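Open the model in your viewer and keep the selection tool at hand. The tour goes from one selection to the next.

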Amino acid sequence: DGAVDAGAMYLMFLNASGAVGAIVKISNAAGGGPSLNTKAFFGVSCASIGDSTGNGVDELAVGSWGMFQHMAGSVYLLYPDSSGTVSSYIRIGKHAPGAPALADWDGFGTSVAGVGDVGGDGNDDLAVGARLTDTGSGVDQGAVYVLHLNASGHTTGFSEIRANGSLGLPLDSGDMFASSMAGIGDWDGDGVVDLAVGAPRDDDDGSSKVRRQLEQESPPQCH
């Protein structure tokens, strides 16, 4: 759709038997999707994040880990109508207001998960994975950003989960923490949604370093 490996999102309207009754494609050139660069990998992850507009249709967060300079990555908040056509969207990523300071090759948007109203301000928030984020002690360890969104979908702040943080996550180079992620409800009973986060290359020897492989692969992670 206008650019090699730009990516797409397909909305499936199911009937009572589970069969697909209709399909809407959202991409660079269809369904009101955003303008995407080559190898944007739009659609690598997706999650419903609630209905902030009150139109009866949940918004979607869609990862595009190859979007922006040198695959720093982005997430798009899509505002669809009941037919699935996107009426507007917001990009969260490098140089976007309130977003984390991302580096080249971070792959922000690898995974996304709705986490409910973490901030307690009445607006649903969003967790975003960046599986190739580096820390001072290694490369491609990965990180999760919990973004606090306002009523218009813009980021007002964020918290970061990564190696060398306050929790002391035991991540090695190449672990690719945040390759997948899902909100799992409130397991510990504190009123806040908890997360399950995958690190598929965690082998406790720190030997996996696959940064440039990002150019070739785009495994989908939808929750």
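Start with Arg162, which is partly exposed at a relative accessible area of 21%. Here buried means under 20% relative accessible area, exposed over 50%, and partly exposed in between (1.4 Å probe, protein chains only). The term stands for a side-chain nitrogen of Lys or Arg within 4 Å of a carboxyl oxygen of Asp or Glu.

Before moving on, some ground rules. This is a predicted model, in which local features need pLDDT of at least 70 and side-chain atom pairs count only at pLDDT 80 or more, while totals for chains, interfaces and linings use all residues. Residues are numbered from 1 along each chain as its sequence is written, and side-chain values use heavy atoms, with hydrogens and water left out.

**The other salt bridges**

How many salt bridges does the structure hold? There are three.

Select Lys39 and Asp5. They form a salt bridge, with the closest N and O atoms 3.2 Å apart. Lys39 sits in the loop between β2 (20-27) and β3 (42-48), and Asp5 in the segment before β1 (8-14), so the pair ties together parts that are 34 residues apart in sequence. Strands are DSSP runs of E, at least two residues long, numbered from the N terminus. Lys39 is partly exposed, at 25%. Asp5 is partly exposed too, at 39% relative accessibility.

Next, select Asp104 and Lys94. Their side chains meet in a salt bridge of 3.2 Å, N to O. Both residues lie in the loop between β6 (86-93) and β7 (108-114), ten residues apart. Lys94 is buried, with a relative accessible area of 13%.

**Backbone stops**

Most residues other than glycine have a negative phi. Go back to Asp5 and check its backbone. Its phi is positive, near 55 degrees.

Now jump to Ala178, in the loop between β10 (155-162) and β11 (180-183). Ala178 also has a positive phi, about 85 degrees, and is not a glycine. Ala178 is buried, at 0% relative accessibility.

**A buried loop residue**

Select Asn123, in the loop between β7 and β8 (126-130). Asn123 counts as buried, at 17% relative accessibility. Which residues does Asn123 contact, leaving aside neighbours within four places in sequence? They are Gly116, Asp117, Leu149, Asn150 and Ala151. Contact means heavy atoms within 4.5 Å.

**The nonpolar cores**

Select Val75, Leu77, Ile92, Phe108 and Leu126. These residues have the most contacts inside the largest nonpolar core, which has 21 residues. Such a core is a set of buried Ala, Val, Leu, Ile, Met, Phe, Trp, Tyr and Cys residues joined through side-chain atoms within 4.5 Å. Which strand gives the most to this core? β9 does, with four residues. At least two residues each come from β5 (74-80), β6, β7, β8 and β9 (143-149).

Centre the view on Val75. Not counting residues up to four places away in sequence, Val75 touches a set including Ala61, Val62, Ile90, Ile92, Phe108, Val112, Leu126 and Val128.

Last stop: select Ala3, Ile26, Met67 and Tyr76. They are among the 16 residues of another core, which lies apart from the largest one.
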